[in-house]
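Please look over the sequence and the model shown here.

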Amino acid sequence: MSPIPNDPVILLSFINTRLRDEYPSLAELCAALSADESVISQKLDAIGYTYDQGTNQFR
């Protein structure tokens, strides 16, 4: 079972919280969780969010 939520809205909260609290970049978060960065980005893009490197969050 993957620790990454499947629901896009819950995924948004999960990813942004981890980025804020634990990881300096999306690439490092994905490497640590063995997650596919493009899959996460696509799921969040589908609900209108894109990754902003400057703020290290999906906005």
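Y51 counts as partly exposed because its relative accessibility is 22%; partly exposed lies between buried (under 20% relative accessible area) and exposed (over 50%), with a 1.4 Å probe and protein chains only. This is a predicted model, where local features need pLDDT of at least 70, side-chain atom pairs count only at pLDDT 80 or more, and totals for chains, interfaces and linings use all residues. Residues are numbered from 1 along each chain as its sequence is written, and side-chain values use heavy atoms, with hydrogens and water left out.

Y51 has an aromatic partner. The structure holds 1 aromatic pair. Y51 and F58 form this pair, with 5.5 Å from centre to centre and 50 degrees between the planes, and the pair is tilted. Rings of Phe, Tyr and Trp (its six-membered ring) pair if their centres lie within 6.5 Å; planes under 30 degrees apart are stacked, over 60 edge-to-face, and the rest tilted.

| Residue | Relative accessible area | Class |
|---|---|---|
| F58 | 4% | buried |
| N16 | 17% | buried |
| R18 | 19% | buried |

Contact means heavy atoms within 4.5 Å. Not counting residues up to four places away in sequence, the partners of F58 include L12, I15, N16, L19 and I40.

N16 is found in helix 1. Helices are DSSP runs (H or I, at least four residues), numbered from the N terminus. The side chain of N16 reaches the backbone nitrogen of F58 at 2.7 Å. Leaving aside neighbours within four places in sequence, N16 is in contact with Q57 and F58.

R18 also has its place in helix 1, which covers residues 8–21. Beyond its neighbours within four places in sequence, R18 is in contact with Y23, L29 and L33.

Now the core. The largest nonpolar core has 15 residues, and I15, L29, I40 and F58 have the most contacts inside it. Such a core is a set of buried Ala, Val, Leu, Ile, Met, Phe, Trp, Tyr and Cys residues joined through side-chain atoms within 4.5 Å. Helix 1, helix 2 (26–33) and helix 3 (37–45) are the elements that give two or more residues to this core. Helix 1 gives the most, with 5 residues.

Helix 2 and helix 3 also meet. In helix 2, L26, A27 and C30 meet E37, I40 and S41 of helix 3.

Definitions and conventions
A polar contact is a pair of N or O atoms within 3.5 Å; within protein, one must be able to donate a hydrogen and the other to accept it, and residues adjacent in sequence count only if both atoms are side-chain atoms.
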